[in-house]
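I would like to walk through one model with you, so please have the sequence and the structure open while I talk.

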Amino acid sequence: MVDAEKVKKGLDICALRSAGDCTCCPYFENTYCNDLLASDAAEYIESLDERIAIMQESMEALEKQVAESWPTPHAQWLVYKSGNANCSACGYEIFSGRERTPYCPRCGCVMEEVSE
Ligand SMILES: [Zn+2]
């Protein structure tokens, strides 16, 4: 396991020189740049990639769990003689001539059927 702070400080000095010259670098050992910083940086980036992958898997599992446990609300388009329609859950109105969507754009209810 690499020391993340040491890698970050080394990269900061090497790339930005904002924290001093090479002699301030934690990787400086009587010579200037050596391959240890590069290999530690690569190892650190690899460990970050692994952590991101684990977090993405956890997020996907959590999203799936929520989607399965959270019932999708349903409603209907209440269609009037004028041709206008309202969502039975939130009242969102679609004017005559407009396409009635399979879900309400305002509240997200799935529209089961159209009552006329
Ligand atoms: Zn609605």
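This is a predicted model: local features need pLDDT of at least 70, side-chain atom pairs count only at pLDDT 80 or more; totals for chains, interfaces and linings use all residues.

With 15 other C-beta atoms within 10 Å, L36 is partly exposed. If you look from L36 to C87, you pass over 51 residues in sequence, and in space their C-alpha atoms are 64 Å apart.

Staying with the helix itself, α2 covers residues 35-69, and its 35 residues, at 1.5 Å a residue, should span 51 Å. The C-alpha atoms at its ends are 51 Å apart, which agrees with that expectation. How many of the 35 residues of α2 are buried? The number is one, so the helix lies largely in the open.

Now please turn to the place where α2 meets helix α1, residues 4-16, because the axes of these two helices come within 10 Å and cross at roughly 125 degrees; α1 and α2 are therefore oblique to each other. The crossing of α1 past α2 is left-handed. On the α1 side the residues involved are A4, V7, G10, L11 and C14, and they meet L37, D40, A41 and Y44 of α2.

C14 belongs to helix α1, and it counts as partly exposed, since it has 17 C-beta neighbours inside 10 Å, where 20 or more would be needed for buried. Between the C-alpha atoms of C14 and C25, which are 11 residues apart along the chain, the separation is 7.8 Å.

Let me move on to the nonpolar core. Which residues make up the largest nonpolar core? There are five residues in all, namely A75, W77, A85, C87 and C104, and the elements giving two or more residues to this core are β1, residues 74-79, and β2, residues 85-87. As general background, nonpolar side chains in soluble globular proteins tend to be buried together. C104, one of the five core residues, is in contact with A75, C87, A89, C90, Y92, C109 and M111, once its neighbours within four places in sequence are left aside.

Not counting residues up to four places away in sequence, G83 touches S96 and G97, and from G83 to G97, 14 residues apart in sequence, the C-alpha to C-alpha distance is 7.0 Å.

The other is E112, found in strand β4, residues 110-115. Is E112 buried or exposed? E112 is exposed, because 12 other C-beta atoms lie within 10 Å and a residue with 12 or fewer is classed that way. With residues up to four places away in sequence again set aside, E112 touches H74 and Q76. E112 and Q76 are 36 residues apart in sequence, yet their C-alpha atoms are 5.9 Å apart in space.

That is where I will stop, and I am happy to go back to any of these places on the screen.

How values were computed
Residues are numbered from 1 along each chain as its sequence is written. Helices (H or I, at least four residues) and strands (E, at least two) are DSSP runs, numbered from the N terminus. The expected span of a helix is 1.5 Å times one less than its number of residues. A nonpolar core is a set of buried Ala, Val, Leu, Ile, Met, Phe, Trp, Tyr and Cys residues joined through C-beta atoms within 7 Å. Two residues are in contact if their C-beta atoms, placed from the backbone, lie within 7 Å. Axes are lines fitted to C-alpha atoms, for helices over the stretch in contact, and angles run from 0 to 180 degrees between N-to-C directions. Angles under 35 degrees count as roughly parallel, over 145 as roughly antiparallel, 65 to 115 as roughly perpendicular and the rest as oblique. A crossing is left-handed if the near helix is turned anticlockwise from the far one by less than a right angle, and right-handed if clockwise.
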